[in-house]
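The notes below follow the order in which I checked them.

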Amino acid sequence: MGKKKVLIITYYWPPAGGPGVQRWLKFVKYLPDYGIEPVVYIPENPHYPIIDNTLVSEVSKTLTILRHPIKEPYKLASIFSKKTTTTISRGLISEHKKQNLLEKLMLYIRGNCYIPDARVGWVQPSVKFLVDYLEKSEIKTVITTGPPHSLHLIGLKLKNTTEIKWIADFRDPWTTIGYQKQLKLTNRSKQKHKILEKEVLNAADQIIVTSQVLKSEFESITTHPIALITNGFDYEPVTEINLDKKFTMSHIGSLLSKRNPEILWQVLSELIDENESFASHFQLNIVGIVSAEVLQSINKYNLINYLNNIGYVSHKESIKFQKQSQVLLLIEIDSEETRSIIPGKLFEYIVSNRPVIALGPKGSDTERILKETNTGQYYLYSEDKLLKEVILNYFESYEKGTLQTFGIGLQKYSRKSLTKALSNLI
């Protein structure tokens, strides 16, 4: 008997870089181990703001990949300002008071003319293409994953015109995601988002979310089944790595303008002034895209001479930085909307054997996972004294050569274990 087939509709796929590609790249990798043959549908000519060619090698040469052209506004917008278009597509949106007229206009157009997002133009051509494909194939189950949430509209239309089972996977929230506040949405546009979100949640046969907070949020909108399958970690083959000689505190991933932990910069500045040994050993690593506002804050607190601004690196390189750093930093925006966001890197952090210091809002799923796995400490933006105390404690352990973590129950967050949970839903 042949393997059961499933069609996975995703926008992000190698050579795309960043966290959006990891989840389904790994699911696709392990689904065949559970008797399921994935078929992946992606754009033929996507606009990826981040490229990581090293991920291409992780795609099986026997995998069936369907490609169909997409028309995106970013290419047209780049005619007017390539720099502004690139930064917006990466999520690097300036503070309102620092936005020029062009950026304000582009954000308004993006928010109100492209609902739910800039890939909405791919919906109708994809439906037409996939209806024909599904009629000729043996595929009975379709999975859509967002963001971009416009891909769920493909699933919605396929559900209404075919006999498929439809699973909608939400890597992030829809109407409550933080950046919607920056898109200058009119009341009419906000309402349209809510209507589309409700339609999707009440039409999908199965919903998957990545956090308990988001699961609770969606349960107030739909009675359809919702499964919690978090992101996770894969066992990455790396050569032996030696810990940094310096007391490195490293943030891996994007630091957007709203993700600017001034409380951390202030505490670090105080420790440098008060502790000569700390000042001589400390180094701040930022590995990934960082906004100008964050760099200005680091400079404001006289930390610029301690900063190693590495920039974007491949996923494999980021793993090396995680494993060789003394302490890992996880920063989330201090907002109610980010309680349901669990950064994908958290799961790679917790298996790095390095202690994690996280900052974020009260009631975050990230806090629960760190406590449950015994892999780090979580603080609110008001807890500067506690934050200062733990950094000093970690530094003293570093000086003694005893700084490490002892994780508990990590296996359930492995990509293979999570794929097994997914296979049970398919």
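I started with a pair of helices in this predicted model. The axes of helix 5 (residues 123-136) and helix 6 (residues 150-161) come within 9 Å and cross at roughly 45°. I noted that this angle makes helix 5 oblique to helix 6. I also looked up the handedness: the crossing of helix 5 past helix 6 is right-handed.

Next I listed the residues that touch. From helix 5 I wrote down Val123, Gln124, Ser126, Val127, Leu130, Val131 and Leu134; they meet Ser150, Leu153, Ile154, Lys157, Leu158 and Thr161 in helix 6. Sorted by class, the contact of helix 5 with helix 6 has eight nonpolar, four polar and one charged residues.

Then I turned to strand 4 (residues 141-146). Is strand 4 buried or exposed? I found that six of its six residues are buried, so strand 4 is largely enclosed by the rest of the structure. I checked each face of strand 4 separately. Thr141, Ile143 and Thr145 lie on one side and are buried.

Which strands pair with strand 4? Strand 1 (residues 4-9) runs parallel to strand 4 and is joined to it by four bridges. In that pairing I found Ile9 opposite Thr144 of strand 4. Strand 5 (residues 165-170) also pairs with strand 4 in the parallel sense, over six bridges. There, I noted Trp166 of strand 5 as the bridge partner of Val142.

How values were computed: Residues numbered from 1 in each chain as written. Predicted model: local features only at pLDDT ≥ 70, side-chain atom pairs only at ≥ 80, totals over all residues. Heavy atoms only, no water. Axes fitted to C-alpha atoms, helices over the stretch in contact; angles between N-to-C directions. Helix = DSSP H or I, 4+ residues; strand = E, 2+ residues; numbered from the N terminus. Parallel < 35°, antiparallel > 145°, perpendicular 65-115°, else oblique. Left-handed = near helix turned anticlockwise from the far one by under 90°. Contact = heavy atoms within 4.5 Å. Nonpolar A, V, L, I, M, F, W, Y, C, P; charged D, E, K, R; others polar. Buried < 20%, exposed > 50% of the residue type's maximum accessible area, 1.4 Å probe, protein only. Pairing = 2+ DSSP bridges.
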